[in-house]
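Take a walk through this model, one part at a time. Keep the sequence beside you as you read.

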Amino acid sequence: MKLLINAITKFLCGLLMVGLLIFLPAGTFSYANGWLLVGLLFVPMLIAGLVMFFNSPQFLEKRLDAKEKQTAQKGVLAFSALMFIAGFVVAGLDHRFGWSQMPIAVVIAASVLFLAAYALYAEVMRENAYLSRTIKVEEGQKVVDTGLYGIVRHPMYMSTLLLFLMIPLILGSWYALIAFGCYPVIIIVRLKDEEELLTRELPGYAAYKQKVKYRILPFVW
């Protein structure tokens with residue numbers, strides 16, 4: 001029951017926060033792109049949460065824990081929060097004042113890619129039982145090197161990169177894309193710190209890095 005209450009509370013707080021950041025700057029609830037994003041973001045999240053609650057409550061509890069212990073990562077999370085706030089606010093203001101026009105075809109394509117990234121994220125969670133929102137090594141943790149992890153070392157970041165870069169396009173704002181364009185930099189900083197910890201504390205990770213060369217994007221980086 002405690003886990004259920006925690007999950008519901010965080011879900012509703014996230015929904016409320018995103019709603020306020022989008023619709024308050026827009027000055028109206030008549031913002032179709034805003035409602036589209038809310039639906040694409042929170043409906044799959046709700047479904048995934050229910051599946052985890054009934055099938056793997058321990059994994060859900062792990063996913064709800066976002067308290068970083070490392071100082072560097074606390075800074076990364078703070079910068080990420082600022083990116084989201086700036087991106088959502090700019091998109092709302094863009095809608096209010098009509099700064100930019102997004103072709104409907106771009107919005108539709110971004111929505112499809114967003115759902116594809118969500119599906120990719122779900123597959124990553126299925127493949128890796130050690131997946132956590134914080135950087136740490138658990139007792140008895142082993143290197144996962146099959147499936148998506150046999151292609152890139154951090155498929156979770158690959159999926160979130162696609163997810164977050166599609167958000168401003170779904171919201172119909174070219175200007176918000178500038179704010180969300182900071183995300184690749186955030187990922188690089190987080191990755192460097194994470195790989196140092198995994199190489200140091202996770203047996204077999206150094207050999208895994210030699211086996212799988214690419215971090216996020218196949219044949220690129």
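Start with helix α2, residues 32-55. Helices here are DSSP runs of H or I with at least four residues, numbered from the N terminus. The expected span of a helix is 1.5 Å times one less than its number of residues. Helix α2 has 24 residues, so the span should be 34 Å. Its end C-alpha atoms are 34 Å apart, which agrees.

A word on the ground rules. This is a predicted model, where local features need pLDDT of at least 70, side-chain atom pairs count only at pLDDT 80 or more, and totals for chains, interfaces and linings use all residues. Residues are numbered from 1 along each chain as its sequence is written, and side-chain values use heavy atoms, with hydrogens and water left out.

Which residues of α2 are buried? Buried means under 20% relative accessible area, with a 1.4 Å probe and protein chains only. The buried residues of α2 are Gly34, Leu37, Val38, Leu40, Leu41, Phe42, Gly49 and Met52.

Now move to Arg153. This residue sits in the loop between α5 (104-127) and α6 (155-170). Arg153 counts as buried because its relative accessibility is 6%. A polar atom of its side chain lies 2.8 Å from the backbone oxygen of Val212.

Finally, look at the rings. Aromatic rings of Phe, Tyr and Trp (its six-membered ring) pair if their centres lie within 6.5 Å; planes under 30 degrees apart count as stacked, over 60 as edge-to-face and the rest as tilted. The whole structure has 15 aromatic pairs. Phe84 and Phe164 form an edge-to-face pair, 4.9 Å centre to centre with 85° between the planes. Phe84 lies in helix α4 (residues 71-97) and Phe164 in helix α6, so the pair ties together parts 80 residues apart in sequence.

Definitions and conventions
Helices (H or I, at least four residues) and strands (E, at least two) are DSSP runs, numbered from the N terminus. Buried means under 20% relative accessible area, exposed over 50%, partly exposed in between (1.4 Å probe, protein chains only). A polar contact is a pair of N or O atoms within 3.5 Å; within protein, one must be able to donate a hydrogen and the other to accept it, and residues adjacent in sequence count only if both atoms are side-chain atoms.
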